[in-house]
Every structure is written in structure tokens, then in C-alpha cells.
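Let's take a friendly walk through this structure, one feature at a time. Keep the view open beside you as you read.

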Amino acid sequence: MAAGVVEHHLSQAEVAQLAKPRRPLGAKIGVVASYVGMALIVIYCILPFYWMIVSSLRLPSMGLSTSFLPDPPSIENFKGVFSGQNNFGRSLINSVIISGATTIITLLVGMVAAYALARLQFKGKGGVLWIIMACSMFPQITLIVPLLKMFSQTDPFEWFPYWINTYQGVILPYLAFGLPLAVWNLTAFFRQLPVELEHAAMVDGCTPGQAFRKVIVPLAAPGVFTTAIIVFIGAWNEFLIALTFLQDANMQTATVAISKFTGTTGFDTPYGTIMAAGVIVTVPLLAAVLIFQRRIVAGLTAGGVK
Amino acid sequence: MATATAVSKPSTATGDGHKRKKNAFSDGQGRLAWMLLAPTLLVIFVMAGIPVVMSIRESFFANDNAPDPTTGLIKQGESFVGIKNFAQIFTSTDVVQGNWGTMNRFWNAFLNTSMITIVCVVIETVLGVAMALIMSKAFRGRGFVRAGILVPWAIPTIVSALMWKLIFDANGVMNKILGQQILWLSDTFSSFWAIVIADSWKTAPFIGLLTLAGLQTIPAEVYEAAKVDGASAIQQFTQITLPMVKPTLVVAVLFRTLDTLRMFDLPYGMIGPGKYRVETLSVFAYQETQATRFGSAAAYSMVLFIYVLLVAYLFVRVLGADVIGEKAPKKKKVKKNDRNDTQAAPVSGIELAGGAH
């Protein structure tokens with residue numbers, strides 16, 4: 001593995017070098033070079049994550065060890081993550097509830113909007129697209145200040161319900177960021193479906209609503225599913241809003257909980273526990289991403305890659 | 001695609017319409033469309049529109065922190081202070097020592113944000129394009145590489161921040177490999193580079209992925225024709241590859257830029273809050289919120305918002321980023337003149353999907 005790391009450090013220069021278009025020196029050299037290049041890319045992407053996994057499998061006392069294999073391997077850190085004071089199990093449940101609710105609401109609301117944008121002609125469509133677009137450019141911090149005052153019943157908002165430490169206090173702001181993304185994605189998917197399918201359904205006696213439910217939704221299922229994964233990952237990974245609005249240890253999400261491991265165990269940063277928690281939070285996402293990688297890439301590039 | 005719009009326009013009239021036959025711009029279809037859009041627009045209005053307006057209002061207010069003359073208690077509440085919060089940006093005596101010399105804390109954060117963005121985006125674009133070129137040359141194993149590339153993307157930013165914190169620890173593996181004793185995490189200039197490295201790791205592969213999608217739209221015949229005409233490899237790259245991949249790349253770079261401008265998780269999680277060498281505008285404004293100075297927090301976040309809008313505007317105007325337009329990365333024909341089509345298949349804008357979080 002030591003050799004692997006050294007290679008990783010050469011990789012940036014190497015990648016740039018390899019990226020220059022080559023003269024045809026012979027197909028074989030080209031093939032070998034492309035494999036080397038791809039290997040470097042994979043090493044570049046995977047190696048830091050490998051370090052996280054290795055560090056999580058050490059003994060808790062060996063958090064800063066720099067050996068490339070855990071010696072001796074141990075799952076103590078993983079046990080530590082779920083020990084009493086860290087409350088990590090609860091955080092995971094909170095994350096699942098918040099991300100799940102965000103995803104479902106985003107899809108339900110976003111799907112009808114995307115259908116309108118993809119299929120209907122109306123005045124002001126360009127304006128709507130720009131509004132949705134602009135919404136996704138927003139720095140989250142711009143929303144934090146007014147929403148914090150609103151949810152905490154500060155000065156002009158005494159009438160507003162107290163929403164700090166509630167699920168809806170983060171789910172609703174998440175919608176503001178999830179919806180633009182979902183609407184863009186789904187609009188692209190709906191547009192790819194031939195409109196003749198709906199014609200045929202309506203000739204056979206469907207109402208437009210039925211045509212949408214029975215023809216379009218099932219056919220767009222892959223697109224809807226991809227959008228769901230992307231929105232879910234976005235909500236699962238969100239940090240700033242959750243950090244601000246979920247201050248109670250029983251309500252915080254997994255990302256916030258991980259960031260707070262630092263303070264709880266003395267002066268040393270409990271790296272082993274943090275890395276173990278990081279692995280736990282990341283692995284389900286990675287599994288989903290790897291299983292559905294084709295679809296996700298297609299979703300991210302909006303049908304550019306099939 | 002121009003063709004797609006041409007097909008869908010006439011057909012929607014009959015396709016979706018209502019019981020009666022209506023033409024494409026009939027009232028009925030418009031009303032249906034607005035009904036379908038209403039929930040989305042409502043959420044955006046309530047959760048983004050209203051807060052922005054309130055944020056603007058807030059930026060003209062400040063805490064009353066003078067003691068009340070009659071009771072001697074600190075007065076609660078806020079009062080209107082005009083542009084004082086913004087004027088503070090220029091007049092504040094809260095001076096800090098950062099990477100760019102000793103200056104007012106706001107300008108320090110502003111310069112940090114700008115420099116991190118410029119350096120990161122340049123490195124990520126170069127690396128990303130390089131990765132895309134390698135992948136486009138691959139015969140087999142592309143799926144495997146793509147899986148690897150999605151790993152940094154899927155890891156939560158805060159987790160990756162803590163992961164890099166471990167790697168960059170004074171006794172950590174990075175110093176061991178380099179054989180140096182660099183204090184990456186101690187608010188030094190190295191902290192700046194630590195942020196750049198960690199951010200590039202997470203997002204360069206992503207730019208690579210999007211660029212690859214753009215590369216795959218270039219038909220092989222174009223290259224064959226160029227070869228017949230005797231174009232060198234470098235000429236092919238600068239004359240064919242770059243111009244043809246530019247629309248995809250510009251949008252990808254735009255969204256990366258906007259995303260980096262609002263960076264929060266990485267400096268906050270990796271170096272920590274209150275470290276002036278890496279304090280971005282988002283972190284600074286957050287710190288002000290934590291100190292319950294909502295007025296100045298709102299003012300600084302408004303400056304960031306305006307900055308983001310300005311950059312987006314420049315991208316659209318100068319580089320012709322086609323954000324809501326038509327130039328989708330499609331396999332078949334991508335012609336440069338497609339971009340004049342403004343009524344919108346919002347396809348190439350989708351890149352924000354990944355960039356947004």
C-alpha cells in the first residue's frame with residue numbers, strides 16, 4: 001500500500017500529462033496508458049476513503065496511527081459510536097426521517113410541476129424556470145438568519161410556532177433546496193418521453209390525469225427514482241441548516257452528531273470514533289450509488305450519458 | 001434540442017389538453033399549468049422568497065445593546081440603523097491577521113472566499129477535464145472508474161472534512177508521506193491549501209463526470225475528418241474538443257463556482273470556526289448569527305448573495321453559460337447555433353443537481 005500512496009501523489013501531474021491527446025504511437029501503448037490513467041483516477045478517488053475505513057478499524061487508542069493496515073484490527077470504534085453519550089443511533093433515525101420526508105414531499109410536489117413545465121405551454125414559463133433556477137443558487141446562509149429568528153420566536157415573530165429542534169424546522173428549508181433540483185431533473189426526464197404515448201392513452205379513453213398516472217409516471221419511474229436518490233443524498237449530507245436548527249442532542253442529524261463528537265471525549269479528538277461514524281453514514285449511500293451508478297450519472301448529466 | 005421543442009409544441013395542444021380541443025396557448029392549459037406549479041412556487045415563495053425579503057430588512061437593523069437609562073438593564077430588541085451594517089464593512093475596526101495581510105475581518109473573509117473559489121475551480125476544472133479525457137479514451141472498465149468517481153461525491157462534506165482533518169493532522173499520514181512537519185490545521189497558510197486539496201478531491205471527479213458526458217456528444221467523424229486534414233493531436237484538442245465541450249463545461253464550472261462561493265462545511269469541520277486564514281463569508285456570517293448579531297449576519301449574507309448573483313450573471317453574459325436553455329449534452333447533434341434557442345428544455349441546467357449540495 002505504501003507504493004500506492006506514492007503513486008497517488010504523482011497522480012495530479014501524471015493525470016495532466018496523460019490527458020494530453022497522444023499521437024497514435026500504437027494502439028497497445030494507448031490502451032495501456034488509458035488503463036494506467038484510469039487506475040490513477042480510481043486511486044485518487046478511493047485512497048482518502050480507504051484511509052477513513054482503515055482508521056475506523058484501529059483500536060480507539062491508536063487513532064493517529066499511520067500504518068496502512070489496522071494493526072491489530074478492531075471494531076471497538078464502531079461499538080463506541082453507539083455507546084451512551086454519543087447518541088448516534090438516534091441521530092441516524094433522525095436523518096432517515098428527515099431525508100425520507102424531504103425526498104417524498106419533494107417528489108410529490110416536484111413531479112406535477114415538472115409535468116407542467118415539460119408538457120404544457122403557458123405564458124411565463126421562462127420566468128418560472130428562472131425563479132426555480134435562482135432558488136438553487138442561493139447561499140444557504142442567506143436563509144439561516146431570517147429562518148432562525150422566525151423559528152425561535154425572536155422579535156417580530158412571536159406569533160410563529162417554535163420550530164427549533166423540530167423535524168419540520170429543517171424539512172421545510174430542505175424543500176427550498178431540493179425542489180429546484182427535482183423539478184429540473186424530472187422535467188428533463190418527462191421531456192424524453194414521447195408525447196404520443198399520452199395521445200394513445202387518451203385515444204383509448206384515459207383522462208389527462210389518468211394518462212399521467214398510468215402512462216407517464218410508470219415510464220418515468222427510473223427518472224423519478226434517480227431524482228429520489230439525488231435529493232435523498234443532498235438532504236442526508238446537509239450540514240449548515242441542521243447544525244443551526246437542531247440543537248438538542250435527541251433531534252440532531254447524523255452529520256451534526258459526527259461534527260460534535262469532538263467535544264465530548266476529553267481533549268484528544270476521538271478520530272477512531274469519528275471515522276467509524278463517518279463510515280456508517282457513508283456506506284449505505286455508497287451502496288446505493290454503486291448499485292444505481294448508471295442511473296445516477298444519467299440523472300446528474302440529464303440524459304447526456306446513457 | 002431545437003427539434004424536440006418543434007415536435008412538442010404542436011403536440012401538447014392535443015396531448016394534454018382538456019376535454020375540449022384547445023390550442024397551445026389557450027387559457028385552460030395555462031390555468032392547469034399554474035395549478036400544477038402552485039405547490040412548488042408556494043414552497044419557494046415561503047421558504048426562499050419571504051426569508052430573502054426578511055433578510056434584506058434584517059440587514060438594516062442592529063441589536064440595542066446600550067443600557068436603558070431608567071432601569072440600567074441592557075435593552076432587548078433591535079432598532080433600525082440604516083446602512084450601518086453595510087458601512088461597517090468599510091469602517092469596522094475589527095482587524096484580523098489573515099493570509100492576505102492584516103485587515104478588517106469582513107474583507108479577510110471576502111478575500112478568502114474569492115481566492116479559495118478561484119484556486120479550487122481552476123484546479124478542479126483542469127483535473128476534471130483530464131479525467132474526462134482519460135475516461136473517454138477507455139475501451140473497458142469505464143463503469144468501474146465511474147463507480148470510483150462517485151465515491152467522493154457521495155461522502156457527506158462534513159465527513160470528508162473530518163476525514164481530511166485526520167489525514168492533515170500534524171502527526172497524520174500526509175506529513176508522514178511528505179516527510180514534513182506542516183501544521184495544516186493550525187490556522188496557517190497551509191490551512192488554505194488543505195482546504196483546496198480537500199475540496200478538489202471531492203469535486204474534480206464530478207466535473208470529470210459532467211465533462212465526459214459532453215465529450216461523448218462529439219461524433220467520431222469530426223475527429224476522423226480532422227485527421228484526414230492533418231490536424232495534430234493538440235490542434236484536435238484546442239480546435240475540436242474544447243469548443244465542443246465548452247457549453248457543458250461552462251455550466252458545470254458555473255455551478256461549481258457558486259457552490260464554492262458559499263463553502264461552509266469544509267472550513268468549519270476541518271479547520272474550525274474562528275480561524276481567520278480560512279474563514280469564508282458563510283462561516284463569518286454563521287459566527288455572527290451565533291453571537292446573535294443578526295443584523296450584521298444578514299448584511300454579510302446579503303453581500304454574499306449579491307456576489308453569487310453577480311458571478312452567475314457574468315457567467316451567463318460573458319461565457320454564455322446556458323443555464324435554462326436548450327443546449328443539452330445529447331449524443332446526436334450538438335450544434336453551436338442551438339444555443340440561440342431560449343425557450344427552454346431545462347436540460348443542461350440539471351448539472352446543478354449534483355452541484356447544489
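This is a predicted model: local features need pLDDT of at least 70, side-chain atom pairs count only at pLDDT 80 or more; totals for chains, interfaces and linings use all residues.

Residues 128-151 of chain A are 92% helix and 0% strand, with 28 Å between the end C-alpha atoms. For residues 271-292 of chain A, the figures are 95% helix and 0% strand, and the end C-alpha atoms lie 31 Å apart.

Residues 109-135 of chain B are 100% helix and 0% strand, and their end C-alpha atoms are separated by 37 Å. Over residues 147-167 of chain B, the content is 90% helix and 0% strand, with the end C-alpha atoms 23 Å apart.

## A hairpin in chain B

The hairpin that links β3(B) to β4(B) passes through two residues. Look for Gly98(B), which sits opposite Gly101(B) of β4(B).

## Two domains in chain A

Back in chain A, the domain assignment gives domain 1 as residues 2-81 and domain 2 as residues 84-300. Where they meet, 12 residues of domain 1 of chain A are in contact with 12 residues of domain 2 of chain A. On the domain 1 side, α2 (27-56) and α3 (76-81) of chain A each supply at least two of the touching residues. By type, the residues on this side of domain 1 of chain A are six nonpolar, five polar and one charged.

## The largest nonpolar core

Which residues touch the most other members of the largest nonpolar core? They are Ile41(A), Ala114(A), Ile144(A), Val183(A) and Ile258(A), in a core of 179 residues. Helix α7 (residues 168-192) of chain A gives this core its largest share, 16 residues. Domain 1 (2-81) and domain 2 (84-300) of chain A each contribute at least three residues to this core.

Setting aside neighbours within four places in sequence, Ile41(A) is in contact with Met131(B), Ile134(B), Val145(B), Gly148(B) and Ile149(B).

Methods: Residues are numbered from 1 along each chain as its sequence is written. Chains are lettered from A and ligands numbered from 1 in the order in which they are written. Helices (H or I, at least four residues) and strands (E, at least two) are DSSP runs, numbered from the N terminus. Two strands pair if DSSP finds at least two bridges between them. Domain bounds come from an automatic or database domain assignment. Two residues are in contact if their C-beta atoms, placed from the backbone, lie within 7 Å. Ala, Val, Leu, Ile, Met, Phe, Trp, Tyr, Cys and Pro count as nonpolar, Asp, Glu, Lys and Arg as charged, and the others, Gly among them, as polar. A nonpolar core is a set of buried Ala, Val, Leu, Ile, Met, Phe, Trp, Tyr and Cys residues joined through C-beta atoms within 7 Å. A residue is buried if 20 or more other C-beta atoms lie within 10 Å of its own, exposed if 12 or fewer, and partly exposed in between; C-beta atoms are placed from the backbone.
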